[in-house]
Amino acid sequence: MLLLGHIGLTAFVSSMLYLPILGGVIGVLIPDIIDKGLFVLGYSPCGRFLAHSVFFFPLAGIVAYAITRNKKFAIAVALGALLHLVEDMHDNVPFLFPMKYYTFFDTCEEFKVSFTPYVITTEIIGGLILVSMSAFNSKFVKLRKLIWMKIFRIVG
Ligand SMILES: [Zn+2]
């Protein structure tokens, strides 16, 4: 998944959970910034490495809380970093690194963005989500309230 897909889907989920959208967006961008940054600098074998493991998202939340002292913001950052892994699942993700070694590390080459149907579809959906959340914010807030009321009515 590329930028629009990551940001759009995470902004939507963060908003649905009443979490700060900015925290979710920062959290969803961090794994690629860290791992692809390390890869470009030659410190990582692949663009998906330490920050693409399940051990990273709690750490991201802890660091966010240490910096902001805001629980909801820290939870949003952790959620964003976790959602990044889920959104990247169409390709290799080293979920359990460093507990497990992944052979795709050995064959990683330079970055190439391949516009597969998945990537194109998620970019379009992410872009549409961002545009509609911005343009119809009040309707989106009403929709969110309606969905949660229905869920609580079903559960309770
Ligand atoms: Zn990624």
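This is a predicted model: local features need pLDDT of at least 70, side-chain atom pairs count only at pLDDT 80 or more; totals for chains, interfaces and linings use all residues.
Is Lys145 buried or exposed?

Lys145 counts as exposed, because 10 C-beta neighbours fall inside 10 Å, and the cut-off for exposed is 12 or fewer. In the secondary structure, Lys145 belongs to helix H6, which covers residues 137-155.

Now, its surroundings. Met16 sits 129 residues from Lys145 in sequence, yet their C-alpha atoms are 8.7 Å apart in space. So much for the pair.

On to confidence. H6, the helix that holds Lys145, is where confidence is lowest in the protein, with a mean pLDDT of 88. The highest value goes to helix H3, residues 56-68, at 98. Over the protein as a whole the average pLDDT is 92, and 99% of the residues reach at least 70.

Next, the overall architecture. The protein has six helices and zero strands. Following the sequence, the pattern reads α-α-α-α-α-α.

Two figures on packing. The protein has 156 residues, and 32% of them are buried; Lys145, as I said, is exposed. As for contacts, take those between residues at least 6 apart in sequence: 66% of them join residues at least 24 apart.

To go back to the opening residue: Lys145 is an exposed position in H6, with the Met16 C-alpha 8.7 Å from its own. That is what I have for today.

Definitions and conventions: Residues are numbered from 1 along each chain as its sequence is written. Helices (H or I, at least four residues) and strands (E, at least two) are DSSP runs, numbered from the N terminus. A residue is buried if 20 or more other C-beta atoms lie within 10 Å of its own, exposed if 12 or fewer, and partly exposed in between; C-beta atoms are placed from the backbone. pLDDT is the predictor's confidence in each residue, from 0 to 100. Two residues are in contact if their C-beta atoms, placed from the backbone, lie within 7 Å.
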